[in-house]
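Dear colleague,

Please find the structure below, handed over for your study.

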Amino acid sequence: MEPVQKLVDKARARRVLFVLSTDFVTGDEYSSKANTGHATVQEGISKGWHGLDIGPESVNQLEDMIAGSKTILWCGPCGVYHGATTITAGYETAEIVSKYGIAYKFSYVSKGSGSSLGLLMGKELPGVAALSTK
């Protein structure tokens, strides 16, 4: 826990909002067939159970924060995530998945089809290369 606390302290010192979940959806196994439950940070997760996702209290907290944010850095999904990487590329395709509210189902949504295809083919992309050197 010490490395986490150091990170939280560093964020606070720089006036950066750093958010951790306060409650969790729990399960007795990592499976869609798991028996599920709920736990809070104060209670802890029961022995033999696993934290699978953020809980409803955390969801409400994040919804409020996201609605009022100008910049969001999101590092991965909130819960357990297994499965294939799914990518959609191209301006029109990105617009469609956004319009129908299914963009969250994709690992990566890009409006640049040529760039996405180039990346998948292993080509060096000028923008990515420039950011990688910084």
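In the protein, 31% of the contacts between residues at least 6 apart in sequence join residues at least 24 apart; contact here means heavy atoms within 4.5 Å.

This is a predicted model, in which local features need pLDDT of at least 70 and side-chain atom pairs count only at pLDDT 80 or more, while totals for chains, interfaces and linings use all residues. Residues are numbered from 1 along each chain as its sequence is written, and side-chain values use heavy atoms, with hydrogens and water left out.

The term pLDDT stands for the predictor's confidence in each residue, from 0 to 100. Its mean over the protein is 82, and 90% of the residues reach 70 or more. Confidence is highest in strand β2 (residues 36–40), at 96, and lowest in α4, at a mean of 74. Where pLDDT is low, the predicted coordinates should not be read in detail.

The protein has 5 helices and 5 strands, which run α-β-β-β-α-β-α-β-α-α from the N terminus on. Helices (H or I, at least four residues) and strands (E, at least two) are DSSP runs, numbered from the N terminus.

The accessible surface comes to about 10700 Å², and 57% of that belongs to carbon and sulfur atoms. Such areas come from the Shrake-Rupley method with a 1.4 Å probe; for residues, only the protein chains shown count as cover. Of the 134 residues, 16% count as buried. Buried means under 20% relative accessible area, exposed over 50%, and partly exposed in between (1.4 Å probe, protein chains only).

One of its members, F18, lies in the loop between α1 (2–13) and β1 (23–27) and counts as partly exposed, at 33% relative accessibility.

S58, in helix α2 (residues 56–67), is buried at 1% relative accessibility. Which residues does S58 contact, leaving aside its neighbours within four places in sequence? They are S21, T22 and D23. The side chain of S58 also reaches the backbone nitrogen of T22 at 2.9 Å. The other residue is T40, in strand β2, which is buried at 15% relative accessibility. With neighbours within four places in sequence left aside, T40 is in contact with T22, D23 and F24. A polar atom of the T40 side chain lies 3.1 Å from the backbone nitrogen of E43.

How many salt bridges does a search of the whole structure find? It finds 1, where a salt bridge is a side-chain nitrogen of Lys or Arg within 4 Å of a carboxyl oxygen of Asp or Glu. The side chains of K111 and E95 form a salt bridge, at 3.0 Å from N to O. K111 lies in the loop between β5 (108–110) and α4 (113–120) and E95 in helix α3 (residues 91–99), so the pair ties together parts that are 16 residues apart in sequence. E95 is partly exposed, with a relative accessible area of 33%.

Finally, G114 lies in helix α4 and is exposed, with a relative accessible area of 52%. G114 and A89 are 25 residues apart in sequence, and their C-alpha atoms are 8.2 Å apart in space.

Yours sincerely

Definitions and conventions:
Polar contact = N/O pair within 3.5 Å; in protein donor to acceptor, adjacent residues only side chain to side chain.
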